Amino acid sequence: VAHYLQNIKQKPELNAFLEIFEEEAFAQADAVDKKLASGHAGKLAGMVIGLKDVLAYEGHALQASSQILNGFKSLYTATAVQRLLAEDAIIIGRQNCDEFAMGASNENSSFGPVLNADDTSRVPGGSSGGSAVAVQADLCLASIGSDTGGSVRQPASFCGVVGLKPTYSRISRYGLIAYASSFDQIGIISKSVEDAALLLEVMAGSDEYDSTVSHRPVPAYSQMLQTDKKYKIGYIRDCFESEGLDTQVKETLLGVKDMLQEAGHQLEAVEFPYLDFMVPTYYILTTAEASSNLGRFDGVKYGYRSENATDLTSLYKKTRAEGFGPEVQRRIMLGTFVLSADYYDAYYTKAQRVRRLIKEKTDELLQNYDFLILPTAPTTAFRLEENTANPLAMYLADIFTVQASLAGVPAISIPAGRDANGLSIGLQLMTRSFEEPQLLAFSNYIL
Ligand code: GLN
């Protein structure tokens, strides 16, 4: 704890943490020391963990990096966080992120951007940018984030660390602030695959407070990390040949592909015809869900309340206009539009149909291949403000991560090399739902 606190205090400019739980973390560490001495410590004893500011932790501020939740404190602890604590993890603080997890650069936070520790003129990716930088810069051992369309994998790729999005429903979402409920999953950012496996094993599993969570038994992922199997792997040609893909990212990842082939794995190019529909489908469905989920922030129940209101309607309007940042407002408006009576069938219903096609095609490919590989992101970390004026350009940063989210399958980003500027490049792997054991074992083998 002392080691990480010292690192956090030495690098305040990174802006990765919104709050540090200094005294509490030391108290937890003392308690863990005592348990270790008596031989009864939990599986995570001594692991120092940071939480993205979307996970509820009783008695602690929680605001999704938004002003609309200013002053709000959690009344309960998220199931996933509860399970970490029960295994003696130490929670060191609350991490900066894009407001309500909407973004791909961490520039949408009301607390200012997070800086990439490899090059502080660049973004860390998002929305779990603070969580990724915290691991990258050794400010904690691992972070717990959320991934709706890439928010754990893409910042992991930009920061040279491991980012795991489990199968949809593998981890309870109770206590996770909702963005788009049919996509949201709690994910893990860590230095090693082993740490990701251990944390997944602790957090996953059924929970009476989340009706969508899977009741499948939870394997001991951390004990299943060795593999010498030869796998059948599809590399998605359309992604590797897509126009916006940076040439150094492409060459590095094709190099990994060749390396796997030489090691005896069977690699085949596969077609995925829906690449152009991925980002539009994702943004129609997630903004629709977000416009509904964020309806609860009305100035009455949580956090911020406008002081300029004259009646109930103006209380709602002014609170939301003052409390939500521009990107969140844009998405609420987009989502409200696609759900409106005149446009519902043209946009929302159609996007749901396309989601089904994307899911079916992804599942079909995964019946024939153990893994699908593709880049995590089309570029390495871009410069601060490079994409802020153009929301569409920012949305395209998600082109390769939203497939797994639309299909609900597990996906991981692992560091695969660096470009000429020393910026890290991530390789993404997807596999069949609930096959995290082989996803983790194979990632561990590649790393
Ligand atoms: N960049 C994507 C978005 O803005 C992903 C965010 C996320 O996964 N939370 O929606």
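Modeller: Before we start, buried means under 20% relative accessible area, exposed means over 50%, and partly exposed is in between, with a 1.4 Å probe and protein chains only. This is a predicted model, in which local features need pLDDT of at least 70 and side-chain atom pairs count only at pLDDT 80 or more, whereas totals for chains, interfaces and linings use all residues. Residues are numbered from 1 along each chain as its sequence is written, and side-chain values use heavy atoms, with hydrogens and water left out.

Colleague: Good, then which residues have the most contacts inside the largest nonpolar core?

Modeller: Phe 100 and Leu 429 have the most contacts there, in a core of 106 residues (buried Ala, Val, Leu, Ile, Met, Phe, Trp, Tyr and Cys joined through side-chain atoms within 4.5 Å). Helix α9, residues 275–293, supplies the largest share of this core, with nine residues; helices here are DSSP runs of H or I with at least four residues, strands are E runs of at least two, and both are numbered from the N terminus.

Colleague: And what is Leu 429 in contact with, leaving aside its neighbours within four places in sequence?

Modeller: With those neighbours set aside, the contacts (heavy atoms within 4.5 Å) of Leu 429 include Phe 371, Leu 372 and Ile 373, then Pro 410, Ala 411, Ile 412 and Ile 414, and also Leu 439, Phe 442, Ser 443 and Ile 446. There is also a second, separate core of 27 residues, and Val 1, Phe 17, Ala 29 and Ala 137 are among its members.

Colleague: Switching to the ligand, how many residues surround it, and which are the closest?

Modeller: The ligand has 15 residues around it, the closest being Thr 148, Gly 149, Ser 151, Tyr 179 and Tyr 282, where a residue counts if one of its heavy atoms lies within 4 Å.

Colleague: Which atom of Tyr 282 lies 2.8 Å from an oxygen atom of the ligand, backbone or side-chain?

Modeller: For Tyr 282 it is a polar side-chain atom, at 2.8 Å from a ligand oxygen. Gly 149 instead places a backbone N or O atom 2.6 Å from an oxygen atom of the ligand, and a backbone N or O atom of Gly 103 is 2.9 Å from a ligand oxygen.

Colleague: Now charges: how many salt bridges does the structure hold?

Modeller: It holds 19 salt bridges, each a side-chain nitrogen of Lys or Arg within 4 Å of a carboxyl oxygen of Asp or Glu. In one of them Asp 88 pairs with Lys 35, with the closest N and O atoms 2.9 Å apart. Asp 88 sits in the loop between α3 (79–86) and β3 (90–95), and Lys 35 is in helix α2 (residues 22–38), so this pair ties together parts that are 53 residues apart in sequence. Asp 88 is buried, at 7% relative accessible area, while Lys 35 is partly exposed at 34%.

Colleague: What about the bridge between Glu 271 and Arg 237?

Modeller: Those two side chains meet at 3.1 Å, N to O. Because Glu 271 lies in the loop between β8 (266–270) and α9, and Arg 237 in helix α7 (residues 237–240), the pair ties together parts 34 residues apart in sequence. Glu 271 counts as partly exposed at 42% relative accessibility, and Arg 237 is partly exposed as well, at 33%. Elsewhere, Glu 19, Asp 53 and Arg 94 are linked in a network of salt bridges.

Colleague: And where is Arg 320?

Modeller: Arg 320 is in helix α10, residues 312–323. It is buried and yet has no salt bridge, since the nearest side chain of opposite charge, Asp 298, is 7.2 Å away. Not counting residues up to four places away in sequence, Arg 320 touches Ile 68, Leu 294, Gly 295, Phe 297, Gln 329 and Ile 332.

Key. Lys and Arg count as positive and Asp and Glu as negative; His and the chain ends are not counted. A polar contact is a pair of N or O atoms within 3.5 Å; within protein, one must be able to donate a hydrogen and the other to accept it, and residues adjacent in sequence count only if both atoms are side-chain atoms.
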